[in-house]
Amino acid sequence: MSGDRKAPEHAPQTAFETRNNELLVGGVSVSELAQRAGDRAFYAYDGAIMTRNVERLRDKLPSRISLHYAMKANPMPAVVNHLAGLTNGLDVASAAELRVALATGINPRDISFAGPGKSTEDLETAVEAGVIIVLESPTEAERVTALARQQGRKVPVALRVNPDFLLKASGMKMGGGSQPFGTDAEEIPEFLATLDSDALDILGFHIFWGSQNLRPEGIMEAHGKTLELAARLAPSLPGPLRWLNIGGGLGVPYFPGETPLDVAPIMAALAETLDQYGDLLADTEVVMELGRYLVAEAGLYLCRVTDRKVSRGTTYLVTNGGLHHYLSVTGNFGQVIRKNYPVCIANRVESDDLEPVTVVGPLCTPLDLIAQNMTLPTAGIGDLIAVYMSGAYGYTASPHHFLSHPEPLEFFL
Ligand SMILES: Cc1ncc(COP(=O)(O)O)c(C=O)c1O
């Protein structure tokens with residue numbers, strides 16, 4: 001047993017520049033942004049970082065892949081507009097997201113709408129707009145068919161497939177076994193046989209196997225199995241396979257010990273796999289849909305220290321931000337064991353004067369924890385706490401109304 005093993009650390013945060021030891025977002029200092037925000041905590045997203053990250057990915061991504069942005073990660077209209085200009089399409093999950101996507105002016109055929117339990121408004125808006133509806137069940141297929149007949153349209157659709165493979169090395173598993181998403185792979189041929197191809201333009205499949213994966217070998221395995229499954233199912237389609245969404249799943253490092261994904265071997269292997277299935281994919285648009293990988297690193301969450309106190313040896317920095325603004329930083333958005341996100345004192349990034357602190361919000365619950373026992377530059381009332389990796393699943397994935405404090409603001413720079 002080694003007694004001097006070092007505790008795992010966060011991956012270095014290099015995306016945001018500093019000036020006078022203060023973080024900058026799009027060239028604007030966080031103090032200036034905090035002034036604009038008044039008493040409110042806020043998210044700040046840096047468009048140039050998003051651009052750079054998409055360009056880096058594009059450099060390795062097989063050129064025939066259409067890159068889609070999964071808006072659920074961050075549906076702020078300014079972010080979506082920016083990403084619409086950098087990607088080949090958008091993936092939406094509600095009528096409201098669809099309206100934001102349509103407002104970017106992209107071709108509706110480059111928008112896909114996936115998600116279980118679509119409402120009547122969801123389906124009507126989608127059919128009217130002419131976007132690709134990803135059918136999650138036979139019932140949904142019946143409802144879309146009825147709308148298509150009513151409106152005299154042929155509606156472009158794809159079938160969401162719940163894969164018959166389960167990945168060993170996956171972060172958040174969303175396929176394989178029993179799932180509320182899509183139709184089990186083994187049921188697909190029978191499902192396809194029931195569909196009315198006068199009402200539905202059946203383009204292909206959406207095979208989503210998981211999310212937040214930091215293991216290249218797991219992602220490569222998923223790509224291989226996804227293509228193999230698509231090849232097995234394609235003969236049951238009424239025509240050639242014209243659209244295949246192979247999911248996304250590329251993860252980002254949030255926690256100590258995690259490192260950024262090396263996409264080069266993943267994309268090289270994917271290019272080979274796509275070549276191997278060249279005949280199957282001759283007429284196919286192959287889509288990869290990514291959310292957090294495109295936006296997480298480009299966002300900061302900022303809150304201000306409003307109190308400082310010591311309880312039985314622990315120093316607490318109390319802030320005007322917390323769980324109600326940012327559920328996942330507190331460890332309550334699907335994490336099994338709570339771990340700290342990377343955090344800094346945004347207006348004093350580097351300092352020799354360090355101390356261990358616990359950063360909390362104003363809610364009367366022990367769940368309202370932004371950082372636990374982290375060593376940070378010594379901070380007091382008025383200083384700004386920044387949480388890195390906050391561009392995805394932050395603002396809209398949080399219970400803003402809990403305890404009725406002011407909501408956070410969002411800035412896109
Ligand atoms: C269908 C679908 N697409 C895309 C995503 C985005 O995942 P991520 O943000 O990890 O890329 C999800 C996440 O749950 C999803 O369910």
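Helix H8 (residues 216-233) comprises 18 residues and spans 26 Å from its first C-alpha to its last, close to the 26 Å expected at 1.5 Å a residue; the expected span is 1.5 Å times one less than the number of residues. The model is predicted, local features need pLDDT of at least 70, side-chain atom pairs count only at pLDDT 80 or more, and totals for chains, interfaces and linings use all residues. Residues are numbered from 1 along each chain as its sequence is written, and side-chain values use heavy atoms, with hydrogens and water left out. Helices (H or I, at least four residues) and strands (E, at least two) are DSSP runs numbered from the N terminus.

The buried residues of H8 are Gly218, Ile219, Ala222, His223, Thr226, Leu227, Leu229, Ala230 and Leu233. Viewed down the axis of H8, these buried residues fall within an arc of 165 degrees, so they line one face of the helix; the arc is that of the directions from the helix axis to the C-beta atoms. Buried denotes under 20% relative accessible area, exposed over 50%, and partly exposed in between (1.4 Å probe, protein chains only). The buried residues of H8 pack against strands S9 (155-162), S12 (200-207), S14 (243-245) and S15 (285-290), and against helices H7 (188-194) and H9 (263-276), with contact meaning heavy atoms within 4.5 Å.

Positive phi values occur in two loop residues other than glycine. Asn20, in the loop between strand S1 (18-19) and strand S2 (22-25), has phi near 50 degrees and counts as exposed at 70% relative accessibility. The largest pocket holds about 700 Å³, a volume being the space filled by probe spheres set on the points, which are joined across faces, edges and corners. Of its 23 lining residues, His10, Val343, Met374, Thr375 and Leu376 are the closest to the centre. Strand S20 (369-377) and strand S18 (343-345) each give two or more residues to this lining, and S20 gives the most, with four.

One cavity of 30 Å³ or more is found in the whole structure. The largest cavity contains about 40 Å³ of space, and strand S16 (residues 299-311) supplies the largest share of its lining, three residues.

Note on methods
On a 1 Å grid over the protein atoms alone, a cavity is a set of points where a 1.4 Å probe fits but cannot get out, and a pocket is an open set with protein on both sides within 12 Å along at least five of seven lines; lining residues have an atom within 4 Å of a point.
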